[in-house]
Amino acid sequence: MLLIACPHCGNRPETEFRCGGQAHIARPEAPSAQSDEAWAEYLFVRKNPRGVHAERWCHVHGCGRWFNALRDTVSDRFIEIYPMGAQPISELQSEARA
Amino acid sequence: MAQPFRLSRGGRIDRSRPIVFEFNGKPIHGYQGDTVASALIANGIHHVGRSFKYHRPRGILSHGPDEPSALLSVDRGPGRVDPNNRASVVEARSGLRTHSQNHWPSLEYDIGAVNDLLSPVFVAGFYYKTFMWPRKFWDKVYEPFIRAAAGLGKAPTQADPDRYANRHAHCDVLIVGAGPAGLAAALAAAKTGKRVILADEGPEPGGSLLHDPNAEIDGRPAASWLEETLADLDGRENVILLSRTTAFGYYNHNHVALAERVTDHLPTASGQAPRERLWQVRAGEVVLAGGAHERPLVFADNDRPGILLAESVRVFLNRYGVAPGRTLVFATSGASAYTAALEAKQAGLAVTIVDLRLEADCGPEVARLRQAGCEVLTGHTVVGSKGRKRVTGLIVAPVGSDGRCGGRRVLPCDAVGMSGGWTPAVHLFSQSRGKLRYDDRLDAFVPNISAQSERSAGASKGTYDLADCLAEGFAAGAAAAGSDERRTFSATPTLTGFQPVRVMPTDDDPKKVRAFIDFQNDVTAKDIKLAVREGFQSIEHVKRYTTTGMATDQGKTSNMNALGIVAGQLDKPLPAVGTTTFRPPYTPVTFGALVGPARHALFDPIRTTPIHGWAQSHGATFENVALWRRAWYFPKPGEDLHAAVARECKAVREHVGIFDASTLGKIEVVGPDAAEFMNRMYVNPWAKLANGRCRYGLMLKEDGYILDDGVVARVSDTCFHVTTTTGGAARVLAHMEDYLQTEWPDLQVFLTSTTEQWAVIALQGPKARQVIEPLVEGIDLSPQAFPHMAMRTGTICGVPTRLFRVSFTGELGFEINVPTDHALAVWEAIFAAGQPHGITPYGTETMHVLRAEKGYIIVGQETDGTVTPDDVGLAGMIAKTKTDFVGKRSLARPDVIATTGRKQLIGLITEDPKTVLDEGAQIVADPNQPIPMRMLGHVTSSYWSPNCNRSIALALVADGRSLMGRTLHITTPDGFTRATVSEPVFFDTTGERVNA
């Protein structure tokens with residue numbers, strides 16, 4: 001079970017959290033102006049990387065707040081946890097290339 | 001009682017406390033401290049099971065958790081029967097009843113043993129090759145046959161009466177294994193004051209020290225050192241010492257699962273203690289000191305009962321005071337077996353040693369054994385064994401450096417101790433996703449690169465010498481606790497080193513030799529070779545094709561021999577073949593331990609409303625809706641569901657009914673931007689909704705499909721009282737929070753779940769107003785002042801209320817929101833006031849029928865995540881002027897705006913009014929069309945309607961609204977039935993009754 005550092009509550013077990021999938025997919029300012037292709041991309045197309053992934057997490061069974069995290073999908077190590085709306089400091093490069 | 005193979009002295013058993021248990025119905029005598037295996041051997045019993053595939057007689061191979069063959073069913077009383085217990089780890093105690101497995105009619109005479117004669121047929125991949133044709137045999141012949149043959153042991157048939165506990169723990173240092181390395185690690189870590197947990201699977205800590213009576217540590221007997229060390233650890237507040245506790249799973253971020261067996265070894269359980277306890281430990285650092293497993297030698301008929309691992313012979317002699325036989329042969333390719341042989345000789349047994357190594361490759365151990373009076377045959381191989389249910393002799397032959405065998409010789413014996421070297425137990429390390437490295441010198445995979453905060457020490461890292469284990473363990477424990485302290489220990493040197501061997505050289509035709517690699521799964525060396533010849537090159541594929549290393553073995557005894565043979569066949573170095581993946585659990589774990597207390601009422605929380613007790617005492621039958629228990633219907637004496645619902649439905653339409661709607665989800669949306677937020681979340685317009693008015697809200701996901709619905713009241717300019725479906729409450733709140741926090745953090749809105757704060761009493765029917773009129777204060781209930789879809793605040797029975805005039809029945813109705821604590825009192829007052837008006841309590845079934853009569857949808861019943869507002873005829877709810885709301889863009893998707901083909905909500909009027917369609921039944925236009933037919937849609941809701949005096953049904957049908965009046969055909973269990981397409985409203989089609 002992963003140990004996740006909620007920025008508001010500290011380390012808590014994975015079962016208290018919900019993963020909200022890929023981060024940094026902003027809802028378009030004017031959805032009606034989007035082409036069908038662009039809208040379909042926004043709705044359905046997601047990355048599935050082997051390595052570092054920027055994800056949204058919510059501490060649903062705790063403070064209920066959303067935050068972003070960089071997690072390496074190979075090692076399951078959390079590299080960085082940062083607020084909604086911010087960008088990570090770490091580079092999006094896998095540490096498990098070997 | 002006679003225990004003919006019990007030595008006159010020695011061992012850690014308590015000879016003053018005799019015990020007796022049953023094996024296959026016969027009494028077996030032993031002593032406190034025995035395992036089932038040691039007591040059986042004390043009584044001369046080695047043959048304790050039949051093998052999985054060939055039903056060959058099998059004995060006790062090992063003394064520990066790696067035992068592959070001696071699997072027993074253990075019966076501790078009614079409901080307490082567990083199959084597949086390894087006799088070597090079950091602590092013997094009075095009252096146990098044990099049984100051997102996998103034979104019929106008995107262990108001695110087993111019909112299945114015919115499989116052994118058919119062994120040329122049962123080769124690797126037998127099932128894949130045999131059960132292919134003909135196709136029609138799959139279900140009726142092959143599957144029942146395979147099911148009957150599959151599986152070991154019999155699953156218990158009764159519910160488990162025992163209690164199991166679950167405990168979460170945190171520590172700075174978790175040490176797995178309390179052998180020399182683990183104990184030294186604990187000493188070092190404990191000194192730092194850090195919180196330490198030391199877990200060991202055995203009944204007493206000590207590991208190899210428990211069967212090493214001649215060893216000395218720091219100048220005193222190992223037993224004294226052990227006692228002092230345990231006393232030291234025991235006296236420290238910061239150390240938790242767990243025995244009978246197996247670390248079976250190593251998960252992410254140093255989360256390690258331990259299974260503690262609390263009471264199985266006690267003759268009478270206290271009734272207070274749980275049977276087992278699951279520890280979920282989150283450790284800062286982990287030290288793995290789980291030891292190593294000895295490898296069997298692979299030679300023809302190496303599976304005879306009486307053939308054990310050499311170190312296990314040592315354990316039985318020294319720890320349990322039991323001789324596996326009187327005339328022993330030790331067959332080995334390394335030095336460690338000589339220690340066992342010497343101790344057997346000292347115990348007065350006849351001992352011969354057969355060593356594959358050439359004399360020149362051996363150490364001083366050979367001379368020591370010869371000096372002790374033992375015959376030592378170096379440069380000899382084992383080519384077979386004699387006997388059937390018990391070994392009677394070992395067939396050996398000299399073998400030169402060229403691998404040629406000389407003349408055979410039979411060494412008569414009644415027990416054999418074999419040793420093919422050692423394999424570090426890297427299971428937990430591998431589970432932690434650490435990377436292994438092949439060590440040529442050790443002929444083994446050892447821990448290399450850690451993936452988590454852990455380190456290995458001792459034999460589990462390939463360090464076998466006692467003094468080295470102690471020093472390495474101490475250093476590991478210190479480092480794990482953040483200290484760099486080191487120390488050395490003086491200890492009796494350990495005989496180590498072996499010559500790796502995969503299959504013992506033989507002059508027999510290798511195609512005919514049946515030399516077992518995996519005793520549990522009956523996999524022979526030639527099975528592995530066959531798999532490679534047939535093209536399986538990946539070790540993971542070989543494992544699955546041959547089943548080697550599966551079940552409880554998990555590669556403990558079999559792994560290295562199997563890997564070595566595959567590498568040899570492929571002509572690749574061993575590390576290039578790699579190893580199979582080690583998966584939890586390390587040893588079998590009971591379901592009880594994993595389930596813990598989560599049974600019965602604790603399996604899933606049950607939510608009840610404040611009216612629950614009243615409903616119970618008024619005879620309600622309940623149904624589960626999400627976690628809620630809801631009153632389903634209120635049968636009177638003699639009534640079934642049908643009769644009760646018919647009566648309740650009539651009562652609501654003719655008089656008045658009372659219904660507990662407290663489970664409705666409720667969310668308070670508050671803040672200066674509340675209306676803007678509602679505008680963005682729902683399809684409906686909210687800005688102009690007046691205070692005190694309600695609107696039916698429809699919520700979509702971004703993909704344009706309906707997520708939830710519910711009535712929303714505007715309490716004030718900045719406050720909305722939102723209701724959701726019972727099952728959707730948490731989902732809707734999470735959906736709202738997600739958008740509020742992550743897309744529009746600029747909006748000033750608070751969301752608060754009020755589901756459990758407001759209880760809701762629905763009062764529905766033409767007499768509803770009359771019933772509450774005398775109870776309500778501060779609200780003008782007249783139709784002019786308080787119209788349909790309005791909300792007023794005031795008091796009822798003196799309790800503050802948000803009184804909604806809304807209807808999910810199509811009748812004049814109120815939904816009375818009151819604080820939960822007052823709900824029962826208000827409910828009872830209303831019920832009393834309603835008596836003159838024929839008030840009738842009704843349940844969810846009647847609620848469903850009444851809403852279906854009106855064609856009101858239920859999200860999740862008329863919708864399934866692919867349904868748009870227009871599909872269910874609710875396009876009119878969508879605000880025309882809003883430029884955006886969640887899901888709006890998707891309503892312009894090409895597939896959503898398609899003019900034909902979308903499934904639309906319609907009503908179905910069956911030709912026979914008494915026919916009630918099945919919900920979920922498929923609908924076609926022509927029942928005579930060829931199969932596969934074109935499905936038009938399906939029935940979503942179907943009931944007998946007492947108020948229409950006929951059946952009614954709602955359905956989603958492709959282009960349904962253009963099919964009004966057409967006849968469609970609906971599947972039934974017997975074929976098809978006919979129905980006419982209608983508008984999805986069956987009662988009061990003009991909708992006047994709600995305005996009464």
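Author: What follows covers an open sheet in chain B, the helices lying across its strands, and a nonpolar surface patch. The model is predicted.

Start with the sheet. It is open and has 5 strands. Their order is S17-S24-S18-S19-S20 in chain B, and the pairing is parallel. Two strands form the edges: S17, residues 307–309, and S20, residues 375–378, of chain B. Each of these pairs on one side only. From one strand to the next, the twist averages 20°.

One residue pair can be named here: B:Ile353 has B:Val376 in S20(B) as its bridge partner.

Next, the helices. Helix H7 of chain B spans residues 310–320. H7 lies across S17, S18 (327–332) and S24 (415–419) of chain B. Against S17(B), H7 runs at about 90°. Helix H8 of chain B spans residues 336–346. H8 lies across S18, S19, S20 and S24 of chain B. Its angle to S18(B) is about 170°.

Last, the surface patch. B:Val114, B:Leu117, B:Leu118 and B:Val121 make up a nonpolar patch. Together they have about 370 Å² of accessible area. B:Val114 belongs to helix H2 of chain B, residues 114–117. This valine, B:Val114, counts as partly exposed because its relative accessibility is 41%, which falls between the 20% limit for buried and the 50% limit for exposed.

Note on methods: Residues are numbered from 1 along each chain as its sequence is written. Chains are lettered from A and ligands numbered from 1 in the order in which they are written. This is a predicted model: local features need pLDDT of at least 70, side-chain atom pairs count only at pLDDT 80 or more; totals for chains, interfaces and linings use all residues. Side-chain values use heavy atoms; hydrogens and water are left out. Two strands pair if DSSP finds at least two bridges between them. Helices (H or I, at least four residues) and strands (E, at least two) are DSSP runs, numbered from the N terminus. Axes are lines fitted to C-alpha atoms, for helices over the stretch in contact, and angles run from 0 to 180 degrees between N-to-C directions. Contact means heavy atoms within 4.5 Å. Patches are made of residues with over 30% relative accessible area and no salt bridge: like charges are joined within 9 Å, nonpolar side chains (Val, Leu, Ile, Met, Phe, Trp, Tyr) within 5 Å. Accessible areas come from the Shrake-Rupley method with a 1.4 Å probe; for residues, only the protein chains shown count as cover. A salt bridge is a side-chain nitrogen of Lys or Arg within 4 Å of a carboxyl oxygen of Asp or Glu. Buried means under 20% relative accessible area, exposed over 50%, partly exposed in between (1.4 Å probe, protein chains only).
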